[in-house]
Amino acid sequence: MKWRIILDPGSDEVTVTISAPVRTEEVEALAALLAREEDLPGWRGEEMTPLAPREILCFYTADKGVFAWTAAGEYRVRLRLYELEERLDRRRFVRISHSEIVNLKKVTALDLSLGGTIRLTLEGGRVCWVSRRYVKKIKEALGL
């Protein structure tokens, strides 16, 4: 297998292309690896549930812990927010305050009318506030 990296300053996202003469097990394995989203372990008491990142609405800190909020409820995550930022897709998950990261794909409404801050409404009605420090970052992420 050969591979190369082509840097294109005009590109707005990373694109991966697999070129092969035929579809082989190696090609399938590579495509599966690229498409894979690693589940995160979520805890409720002693019970662990694998959480798919695409199903998580947000991560937040409370009671000296980090929690993931999903449609199925709240789970404790044994990672710190900065570790989650490093691990998650930065086009999908964005930090909005010192204590919260949201899944932009789960945002259903924005309220920009408030002076210096933004109110986000997520699926299921959960409301999150973008702190002033992160307003510029969230506007860039949303293309505003």
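Start at the largest pocket of this predicted model. Select Arg4, Thr15, Val16, Thr17 and Ile18, the lining residues that lie nearest its centre. Colour them by type: 12 are nonpolar, 5 polar and 6 charged. The pocket's volume is about 900 Å³.

Next, the largest nonpolar core. Select Ile96, Val102, Leu120, Val130 and Ile138. These have the most contacts inside the core, which has 16 residues.

Zoom in on Ile138. Leaving aside residues up to four places away in sequence, Ile138 touches Val94, Ile96, Leu104, Ile118 and Val130.

Last stop: the cysteines. How many disulfides does the structure hold? The count is 0. Select Cys58 and find the nearest cysteine sulfur, which belongs to Cys128, 4.6 Å away. A disulfide needs the two sulfur atoms within 2.5 Å, so Cys58 is in no disulfide. From the other end, Cys128 is in no disulfide either, and the nearest sulfur to it is that of Cys58.

Are these two cysteines buried or exposed? Buried means under 20% relative accessible area. Cys58 counts as buried because its relative accessibility is 0%. Cys128 counts as buried because its value is 1%.

Conventions. Residues numbered from 1 in each chain as written. Predicted model: local features only at pLDDT ≥ 70, side-chain atom pairs only at ≥ 80, totals over all residues. Heavy atoms only, no water. Buried < 20%, exposed > 50% of the residue type's maximum accessible area, 1.4 Å probe, protein only. 1 Å grid on protein atoms, 1.4 Å probe; cavity = no way out; pocket = protein on both sides within 12 Å on 5 of 7 lines; lining within 4 Å. Points joined across faces, edges and corners; volume = space filled by probe spheres on them. Nonpolar A, V, L, I, M, F, W, Y, C, P; charged D, E, K, R; others polar. Core = buried A, V, L, I, M, F, W, Y, C linked by side-chain atoms within 4.5 Å. Contact = heavy atoms within 4.5 Å.
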